[in-house]
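Biologist: I would like to go through this model term by term. For each label, please set the value against the cut-off.

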Amino acid sequence: MKKTIDYYTLAPDAMKAMFAMENFINSIPLDSRLKELIKIRTSQINGCAYCINAHTQDALKLGETPQRILSLPVWEECTFYTDAEQAVLQLIEHVVEVATKRVPQNIYDAIAQHFTDQEYVYIVFCINQMNAWNRIAISMGKKADLV
């Protein structure tokens, strides 16, 4: 898409609702770096350069390492993500592509080894909020800018 649509101005009530959900996501009791990994990996799968750029910067500010960020697309071949993070990364791939992958029991079982049911719900909401941001940014022509 060549044209960028100013959705903030054209739909302020919708943006208010999106930011209310974002405030909820920011308040949930999950590790902030994990939330940023969720946002980055979700954005990578969806191909949202704008969101990858923004959340990579946020993750770096929180102390995440460039190696872990750059390796997210190949996380299954890395030894430096915890078992809990690997379970979340696997869940992301299924939730983002839920129409074709669904969320099988073994994915839930892997998550349940590290997180409560409530934390699972929070993780799914975090993934879905990022899915929504990705779809909005991509369909409105939002581009990544040099920081």
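**Labels and their cut-offs**

Modeller: Start with Arg-102, which is exposed at a relative accessible area of 54%. Exposed means over 50%, buried means under 20%, and partly exposed lies in between (1.4 Å probe, protein chains only).

Biologist: What should I know about the source of the values?

Modeller: This is a predicted model, in which local features need pLDDT of at least 70, side-chain atom pairs count only at pLDDT 80 or more, and totals for chains, interfaces and linings use all residues. Residues are numbered from 1 along each chain as its sequence is written, and side-chain values use heavy atoms, with hydrogens and water left out.

Biologist: Where does Arg-102 lie, and what is its phi?

Modeller: Arg-102 sits in the loop between H7 and H8. Its phi is near 55°, a positive value in a residue other than glycine. Most residues other than glycine have a negative phi.

Biologist: What makes H6 largely enclosed?

Modeller: Of its 14 residues, 11 are buried, so the rest of the structure largely encloses H6. Among them are Glu-85, Glu-93 and His-94. The cover includes H3, H5, H7, H8 and H9; contact here means heavy atoms within 4.5 Å.

Biologist: And why is H3 described as largely enclosed?

Modeller: In H3, 11 of the 15 residues are buried, so the rest of the structure largely encloses it. Lys-35, Glu-36, Lys-39 and Arg-41 are among the buried ones. H2, H4, H5, H6 and H9 are included in the cover.

Biologist: How do the axes of H3 and H6 meet?

Modeller: They come within 10 Å and cross at roughly 35°. Axes are lines fitted to C-alpha atoms, for helices over the stretch in contact, and angles run from 0 to 180 degrees between N-to-C directions. H3 passes H6 in a right-handed crossing. Right-handed means that the near helix is turned clockwise from the far one by less than a right angle; anticlockwise is left-handed.

Biologist: Which classes of residue make the contact of H3 with H6?

Modeller: It has eight nonpolar, two polar and three charged residues. Ala, Val, Leu, Ile, Met, Phe, Trp, Tyr, Cys and Pro count as nonpolar; Asp, Glu, Lys and Arg as charged; the others, Gly among them, as polar. The contact includes Leu-37 and Arg-41 of H3 and Glu-85 and Leu-89 of H6.

Biologist: Why is the pair Glu-64 and Arg-33 called a salt bridge?

Modeller: A salt bridge needs a side-chain nitrogen of Lys or Arg within 4 Å of a carboxyl oxygen of Asp or Glu. Glu-64 and Arg-33 meet at 4.0 Å, N to O. Glu-64 lies in the loop between H4 and H5 and Arg-33 in H3, so the pair ties together parts 31 residues apart in sequence. Glu-64 is buried at 4% relative accessibility, whereas Arg-33 is partly exposed at 32%.

Biologist: Which residues are linked in a network of salt bridges?

Modeller: Arg-33, Glu-64, Arg-68 and Glu-85. Arg-68 and Glu-64 meet at 2.5 Å. Glu-85 and Arg-68 come to 2.6 Å between their closest N and O atoms. That pair joins H6 to H5, 17 residues apart. Arg-68 counts as buried at 9% relative accessibility. By this rule the count comes to six salt bridges.

Biologist: What makes Gln-129 buried?

Modeller: Its relative accessible area is 6%, under 20%, so Gln-129 counts as buried. It lies in H9. It touches Met-18, Met-21, Glu-22 and Ile-25, not counting residues up to four places away in sequence.

Definitions and conventions:
Helix = DSSP H or I, 4+ residues; strand = E, 2+ residues; numbered from the N terminus.
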